[in-house]
Amino acid sequence: MPTPRTESREVCSFTSKQWTGRPGEEAGAMFGGFSVVGFVVCLILMLFVPGLRDVGATMLFVALFATAFTALGIRAKSASERAFLQRLTATVNEVILELTADRTKQLSPDELRSLLVDGGSLPLSVNGVSGLHLKVIPQRSPKPKQNDKPKTEVVTTTRIVIAAAPPDYGISSFDRLLETATTDPGFNAAAS
């Protein structure tokens with residue numbers, strides 16, 4: 001008996017630049033950049049504020065400046081990713097509701113985040129019939145050719161798809177019945 005073919009439809013896709021799931025991942029580089037900016041600001045302020053001409057005061061100013069702006073930067077990135085995840089959840093839930101007609105099958109943003117981070121699939125049923133799965137498929141960008149300059153940032157495209165496979169029970173007998181009904185002239189005459 002042949003294995004039933006799985007059909008899939010893409011619900012949505014996004015790149016790792018749109019949502020990473022780890023907004024604080026670049027905090028070290030951000031802190032370093034803001035430290036340099038803080039030092040330059042401190043040098044300019046030394047012209048007007050003599051108290052900053054001390055090495056300890058300069059280090060304290062740079063540390064506070066970099067910490068404050070790094071925290072603000074991470075908070076802004078976190079809010080941006082949270083808003084993106086909310087929109088993504090709304091899109092996925094709209095498709096789930098359309099297919100299953102069951103509001104209890106909809107996902108919360110935390111459930112969708114867990115599915116995106118862990119990968120895998122979520123089984124769904126349509127009118128009590130299984131065979132529908134919500135799948136997360138990450139795809140890394142293609143490897144650069146040997147002569148190409150390597151890119152420092154690898155972009156991952158994540159696709160969320162709905163995959164449907166016919167249930168194992170009774171599908172082959174239904175297919176034979178359908179084939180008989182459409183091709184056998186005696187079967188059609190007996191039915192009328």
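1. The largest nonpolar core has 20 residues, among which Leu 88, Val 92, Leu 116, Leu 134 and Ile 160 touch the most other members. A nonpolar core is here a set of buried Ala, Val, Leu, Ile, Met, Phe, Trp, Tyr and Cys residues joined through side-chain atoms within 4.5 Å, where buried means under 20% relative accessible area, exposed over 50% and partly exposed in between, with a 1.4 Å probe and protein chains only. At least two residues of this core come from each of β1 (7-15), α2 (55-100), α3 (109-118), β3 (129-140) and β4 (156-164), and α2 supplies the largest share, six residues. Helices (H or I, at least four residues) and strands (E, at least two) are DSSP runs numbered from the N terminus.

2. This is a predicted model, in which local features need pLDDT of at least 70 and side-chain atom pairs count only at pLDDT 80 or more, whereas totals for chains, interfaces and linings use all residues. Residues are numbered from 1 along each chain as its sequence is written, and side-chain values use heavy atoms, with hydrogens and water left out.

3. For the overall arrangement, the protein has five helices and four strands, which follow the pattern β-α-α-α-β-β-β-α-α along the sequence. Of its 192 residues, 22% count as buried. Among contacts (heavy atoms within 4.5 Å) with a separation of 6 or more, 63% are between residues 24 or more positions apart.

4. Val 92, when residues up to four places away in sequence are not counted, touches Val 11, Cys 12, Leu 107, Leu 134 and Ile 160.

5. In α3, the buried residues are Leu 112, Leu 115 and Leu 116; they lie on the same side of α3 because they cover an arc of only 95 degrees around the axis, the arc being that of the directions from the helix axis to the C-beta atoms. The cover over the buried residues of α3 includes β1, α2, β2 (120-126), β3 and β4, while the face turned away from the buried side carries the exposed residues Asp 110, Val 117 and Asp 118. After α3 comes Gly 119, with a positive phi near 75 degrees.

6. The largest pocket holds about 510 Å³ of space. On a 1 Å grid over the protein atoms alone, a pocket is an open set of points where a 1.4 Å probe fits, with protein on both sides within 12 Å along at least five of seven lines, and lining residues have an atom within 4 Å of a point; grid points are joined across faces, edges and corners, and the volume is the space filled by probe spheres set on the points. Ser 16, Trp 19, Thr 20, Arg 22 and Thr 156 are the closest to the pocket centre of the 20 lining residues. Two or more lining residues come from each of β1, α3, β3 and β4, with the largest share, three residues, from β3. By class, the lining has eight nonpolar, five polar and seven charged residues, where Ala, Val, Leu, Ile, Met, Phe, Trp, Tyr, Cys and Pro count as nonpolar, Asp, Glu, Lys and Arg as charged, and the others, Gly among them, as polar.

7. Two single residues may also be checked. Ser 35, in helix α1 (residues 27-46), counts as buried because its relative accessibility is 18%, and, leaving aside neighbours within four places in sequence, Ser 35 is in contact with Val 62 and Ala 66. Ala 101, in the loop between α2 and α3, counts as exposed at 65% relative accessibility; its phi is positive, near 55 degrees, in a residue other than glycine. Most residues other than glycine have a negative phi.
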